[in-house]
Structure formats: C-alpha cells, structure tokens
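Here is a short report for a reader who is new to this structure. Keep the view open while reading.

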Amino acid sequence: LVALAWHERCKYELNSYHYSAVMNTCAKTSAWAEALQLLGAMVPTQLELDTITLNTGISACERGSKWVEALRLVNLMAQSEVESDTITFSSAVSACEKSGKWEEALQLLRVMLIQKVQSNAITVNAAISACEKACKWEKALQILHAAAQSKTESDAVTFSAAISAFARGGEWQKALQLFGMMAEEY
C-alpha cells in the first residue's frame, strides 16, 4: 500500500525497472515480504509484470526460504504468459532446497525440460542439495547423470553436493568414485 501511494504521488514516471531495483534491494536484505508487496503494488498501476520483475520476486522468496510463494510466482508467469528462464527456475529450485522440499525441486526440473529452459550449475547444485538434505542419494545421482547428458556445466559444488548425498545415504563407494571423477575433471 505504501508503494502504491508513492507511485501515485511520484512526479517521475515509475516503471518496472524502478520496482525491480527496489525489490532487489529488499531481497538482498532478507525483506522478502516487502519485495512481494512491491510486486503486488505494480498490478493496479498497469505496469507490466515481466521476466525480470517476477524473477526478482522469486529471488526474494528464495532468500527468505519461501518456497510456496516462489512456486506461486512461477505459476503466475505461466498463467500470464511471461517467459520463464534459467534464473526463474534456479531461484525457485533454491527456495525449495532451502525449505527441504526436494520433490518440488525435482518437479521444477521436469518443468524446465518441458519448457526447454536450459539448466545451469546453480539449478543442478540446488536440486542435488535438496536431495542430499532428504537423504535421497539415488535422486541426486539421477540429477548428476541428467546434467552430464544434457551437457549442463558442473562445478566443484555440484560434486561436493553429490558426494554429501552419497555420504548421507551410506554410499561411501559411490562417494569415492565420484571424488575420483572430480579429481580427473578439475
């Protein structure tokens, strides 16, 4: 409501870039609720909700571990025919990972495949970490294989997350094998 009042009183023409910049500042300071209020305040102003603005909202949810709100924004993008991208899904998967929602994280990976959105190391790392926290080493291994097949870039965090998943599952042989592969690649 405060943002809407500011918008109405402002002598400058505010646009979605201005809202996104303030939302991003809120997100970086863990003020996810305020970021979402700003996003909601854009609707009555007739400003277009675009990929950048909605991604900023999803990122705020991720930083606040608000997976339900993040998924609502991903759904809003689909309903509003706003194009989602790698950032959309990376932030949403990370929100699920931080909240211990591994099944939702994996569902987001499936949606990425359907929508033909390329994953990146951040998306893969968050999904593997979500599986690790849930002691689902088999799922972590599936994600690791799928990432390799799709030529998704992996990094030391990718391997560390998978090794941790194996360790939690008591799969020390697989952890050792992956460690050897990591040593060869890096």
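At 9% relative accessibility, asparagine 125 counts as buried, because the cut-off for buried is under 20%. The model it belongs to is a predicted one. Asparagine 125 is found in helix H8. Leaving out residues up to four places away in sequence, asparagine 125 touches Asp155, Val157, Thr158 and Ala161.

**The whole chain**

The protein chain has 11 helices and zero strands. Read from the N terminus, its elements run α-α-α-α-α-α-α-α-α-α-α. The C-alpha trace spans about 65 × 30 × 30 Å along its principal axes. The chain has 186 residues, and 43% of them count as buried. Take the contacts between residues at least 6 apart in sequence: 65% of these join residues at least 24 apart.

**Two helix pairs**

Two packed helices are described by the angle between their axes and the distance between the axes. The table gives these values for two pairs.

| Helix pair | Angle between axes | Distance between axes |
|---|---|---|
| H8 (residues 121–133) and H10 (residues 156–168) | about 15 degrees | 8 Å |
| H4 (residues 51–63) and H5 (residues 67–79) | roughly 165 degrees | within 8 Å |

Start with H8 and H10. Their axes pack at about 15 degrees. Angles under 35 degrees count as roughly parallel, and H8 and H10 are therefore roughly parallel to each other. Their crossing is left-handed. On the H8 side, the contact uses Val124, Asn125, Ile128, Ser129, Glu132 and Lys133. On the H10 side, Val157, Thr158, Ala161, Ala162, Ser164, Ala165 and Arg168 take part. By class, this contact of H8 with H10 has six nonpolar, four polar and three charged residues. Asn125, the buried residue described above, is among the H8 residues that meet H10.

Now turn to H4 and H5. Their axes cross at roughly 165 degrees. The cut-off for roughly antiparallel is over 145 degrees, so H4 and H5 are roughly antiparallel to each other. The crossing of H4 and H5 is left-handed. H4 contributes Thr51, Leu54, Asn55, Gly57, Ile58 and Cys61 to the contact. H5 contributes Glu69, Ala70, Leu73, Val74, Leu76 and Met77. The residues of this contact of H4 with H5 divide into eight nonpolar, three polar and one charged.

**An aromatic pair**

The count of aromatic pairs comes to one. The partners are tryptophan 137 and phenylalanine 166, arranged edge-to-face. Their rings lie 6.1 Å apart, centre to centre, with 70 degrees between the planes. Tryptophan 137 is in helix H9 (residues 137–149), and phenylalanine 166 is in helix H10. The pair links distant parts of the chain, 29 residues apart. Are tryptophan 137 and phenylalanine 166 buried or exposed? Both are buried.

Most residues other than glycine have a negative phi. Which phi does serine 30 have? Serine 30 has a positive phi of about 65 degrees, although it is not a glycine. Serine 30 lies in the loop between helix H2 (16–28) and helix H3 (32–42).

Glutamate 81 also is not a glycine, and its phi is positive, about 60 degrees. Glutamate 81 sits in the loop between H5 and helix H6 (86–98). At 74% relative accessibility, glutamate 81 counts as exposed, because the cut-off for exposed is over 50%.

Methods:
Residues are numbered from 1 along each chain as its sequence is written. This is a predicted model: local features need pLDDT of at least 70, side-chain atom pairs count only at pLDDT 80 or more; totals for chains, interfaces and linings use all residues. Side-chain values use heavy atoms; hydrogens and water are left out. Axes are lines fitted to C-alpha atoms, for helices over the stretch in contact, and angles run from 0 to 180 degrees between N-to-C directions. Helices (H or I, at least four residues) and strands (E, at least two) are DSSP runs, numbered from the N terminus. Angles under 35 degrees count as roughly parallel, over 145 as roughly antiparallel, 65 to 115 as roughly perpendicular and the rest as oblique. A crossing is left-handed if the near helix is turned anticlockwise from the far one by less than a right angle, and right-handed if clockwise. Contact means heavy atoms within 4.5 Å. Ala, Val, Leu, Ile, Met, Phe, Trp, Tyr, Cys and Pro count as nonpolar, Asp, Glu, Lys and Arg as charged, and the others, Gly among them, as polar. Rings of Phe, Tyr and Trp (its six-membered ring) pair if their centres lie within 6.5 Å; planes under 30 degrees apart count as stacked, over 60 as edge-to-face and the rest as tilted. Buried means under 20% relative accessible area, exposed over 50%, partly exposed in between (1.4 Å probe, protein chains only).
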